[in-house]
Amino acid sequence: MISLRAATAADLDAIDEIELHSFTRPWPKKTFEDELKREWARLDVCLLDERIVAFCDYWVVPPEMQILAIATHPDFRGRGLGAAMLGHVLAQAASASCDIASLEVRAGNRPAIALYERAGFKTIHVRARYYAEGDEDALVMTRGLSAATAT
């Protein structure tokens, strides 16, 4: 059974494990500890049968919301958990009076781009050679939000 909720300090080890398996340059656990203390930051987790299998770090500063990181543990990818997590955070942002969501994604991350496009995100800008590793471009993607269209 899938459940989604706000993260707590007790969840940081699981978030760190997912981070380490998901990104070329993973953020240190301290980054997520700090996020739990920021008024505008949200860190949510997705649980499958009580195990944390995905997380999303995002900022809510109405009227805008920015997704900083979203990841699913590699052992649990392809099950729709990332889509569930994304739908959840978009709904949270819409209920917090945000009317636009934005994110950056590696141009070569086809699975993530497909997920975002299915959720209604559109590429509005390319940041050339944004990522130091491999001089990879970043796509800046946005979508509108409303309470009725968040998912």
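Biologist: Which residues form one aromatic cluster with W27?

Modeller: This is a predicted model, in which local features need pLDDT of at least 70, side-chain atom pairs count only at pLDDT 80 or more, and totals for chains, interfaces and linings use all residues. Residues are numbered from 1 along each chain as its sequence is written, and side-chain values use heavy atoms, with hydrogens and water left out. Rings of Phe, Tyr and Trp (its six-membered ring) pair if their centres lie within 6.5 Å, and planes under 30 degrees apart count as stacked, over 60 as edge-to-face and the rest as tilted. The residues that form one aromatic cluster with W27 are F32 and F55.

Biologist: Is F32 buried, partly exposed or exposed?

Modeller: Buried means under 20% relative accessible area, exposed over 50%, and partly exposed in between (1.4 Å probe, protein chains only). W27 has 30% relative accessibility and therefore counts as partly exposed. F32 has 1% relative accessibility, so this residue counts as buried.

Biologist: Which ring does R106 lie over?

Modeller: A charge sits over a ring if NZ of Lys or CZ of Arg is within 6 Å of the ring centre and within 35 degrees of the ring normal. R106 is 4.1 Å from the ring centre and lies over the face of Y131.
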